[in-house]
Amino acid sequence: MENVHIEDLNVLIKRRIEELEELRTKGVNPFEYNFDVSSDSIDIKNNFNEEERRHVAIAGRIMTMRRMGKASFAHIQDEFGRIQIYLKRDELGDSYDNFKLMDIGDIIGVNGFVFRTKTGEISVHCEKLTLLTKSVRPIPIPKEVTDEQGNKVVYDQFSDIELRYRQRYLDLIVNPDVKDVFRKRSRIISSIRSYLDKHGILEVETPILQPLYGGANARPFITHHNTLDVDFYLRIADELYLKRLIVGGYEGVYEISKDFRNEGMDKTHNPEFTMMEVYVAYKDYNWMMDFVEEMIREICMNVFGTTKFTFDDKEIDFAPKWQRISMIESIAAKTGLDVLCADDAVLFAKAREIGIEDIVHKSRGKVIDEMFEILVQNELQQPTFLIDYPIETSPLAKKHRSKPGIVERFEGFVAGREICNAFSELNDPFDQMNRFLEQVKAKEKGDDEAQQLDEDFIRALEYGMPPTAGLGIGIDRLVMLLTNQTSIKDVIFFPQMKREA
């Protein structure tokens with residue numbers, strides 16, 4: 001807790017332990033085994049009837065207390081919200097005395113009937129009180145004060161960002177909006193599954209521990225299997241295994257999975273993240289663009305009931321067709337340079353001019369990609385498909401059928417952020433082998449994100465993979481966008497952190 005000195009905290013904990021022991025001497029178990037719940041806070045409020053004396057059993061954490069001599073009030077919080085309870089000494093007897101040994105943070109069970117107080121608040125009149133869990137450590141409780149202008153001012157918030165991420169359990173207790181974000185995250189993932197299942201695409205599982213890593217340009221995490229005495233990698237993508245299943249005869253497969261990349265951490269990157277990848281036979285990237293548009297619109301309507309969102313003070317609308325622009329043409333519009341045709345000297349000079357450094361260790365494709373990021377990416381606020389990527393940046397994508405030097409690939413951008421990546425998948429084993437060999441050369445030159453040569457994947461392609469469209473969507477980034485969260489740590493329950501001191 002941010003504003004409590006360690007000495008004060010120790011005193012509070014000591015007092016609670018003493019209360020716990022006193023309750024035990026009274027025959028009260030401070031850590032009960034179960035409680036039969038019949039209602040929740042939302043159900044009680046939404047279904048209140050003045051004409052009916054409804055009996056309920058509800059459990060929750062004490063969040064406020066007003067203890068008086070003969071009667072007391074408290075608010076308890078369950079998964080869905082808070083509700084007031086009313087306790088009378090004459091009715092509860094010893095349980096009322098035990099209530100004096102309870103604290104904010106304790107979890108209790110209440111049996112009673114629903115009524116409306118004189119101030120109009122729907123409440124539960126407690127007829128039986130059960131202590132379920134004694135909270136030994138005090139929780140921070142924000143205090144609300146109304147100023148002279150009628151504005152609510154909140155004090156003592158649990159707002160320290162690092163503490164909130166480290167102690168997510170406490171964050172969820174005292175910041176109800178956080179709980180709502182993760183509830184929406186769950187519904188977004190369920191909606192994706194529903195959409196893909198509806199289209200007859202099969203959900204599958206592929207290995208997390210892989211003898212070779214591939215499917216993306218990233219540094220892997222390495223681990224060791226003692227029995228086999230070999231190193232394995234935590235997967236950086238699902239792509240190569242999912243495409244093996246397309247070779248095997250499935251015509252549509254998808255996986256929602258944890259992937260791992262040993263890279264930097266910032267507002268849009270966490271070393272462990274959630275990805276959805278889908279592969280559909282006999283389709284190409286043009287078909288996949290339409291598929292993505294429809295899927296995102298359906299998710300928006302199913303979960304939020306709208307296609308319009310505010311993200312970081314920007315208005316976003318997923319209803320219209322997404323704009324489609326060429327990476328090459330968008331850079332040319334900013335620089336007057338055709339980056340595909342320009343020789344290295346001209347290209348690298350322009351790159352240095354706009355602030356790209358360490359060019360000697362970068363491929364042409366990497367330089368072009370960074371030019372786009374600097375010059376164009378932030379302007380893509382409304383949903384946009386960026387197409388026409390240099391072949392060097394996309395070793396798993398088919399060459400464009402009519403434009404030399406580029407591949408059939410798109411990335412989806414919204415609010416200046418990439419949320420998905422898709423290809424017409426490369427199914428020519430000879431071309432794929434050459435692309436892998438180029439990646440091997442890049443790795444030998446110091447590119448630690450270049451992909452490995454996967455000979456078994458080449459063997460699979462030699463048996464024949466049908467024309468296929470593939471897509472990857474970053475679930476965390478999509479949830480950020482739809483819930484207006486600007487940091488990836490706000491949509492991951494337990495984000496990676498530096499070791500606690």
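I began with helix α13, where P429, D431, Q432, R435, F436 and Q439 are buried (buried means under 20% relative accessible area and exposed over 50%, with partly exposed in between, using a 1.4 Å probe and protein chains only). Seen down the axis of α13, these buried residues fall within an arc of 155 degrees, so they line one face of the helix; the arc is taken from the directions from the helix axis to the C-beta atoms. On the other side of α13, I found F430 and E444 exposed.

I noted that this is a predicted model, in which local features need pLDDT of at least 70 and side-chain atom pairs count only at pLDDT 80 or more, while totals for chains, interfaces and linings use all residues. Residues are numbered from 1 along each chain as its sequence is written, and side-chain values use heavy atoms, with hydrogens and water left out.

Next I asked what covers the buried residues of α13. The cover includes β18 (406-414) and α14 (455-463); helices (H or I, at least four residues) and strands (E, at least two) are DSSP runs, numbered from the N terminus.

I then turned to D106, which lies in the loop between α4 (94-99) and β4 (107-116). Is D106 buried or exposed? At 0% relative accessibility, D106 counts as buried. Leaving aside neighbours within four places in sequence, D106 is in contact (heavy atoms within 4.5 Å) with residues including R16, G60, L101 and K134.
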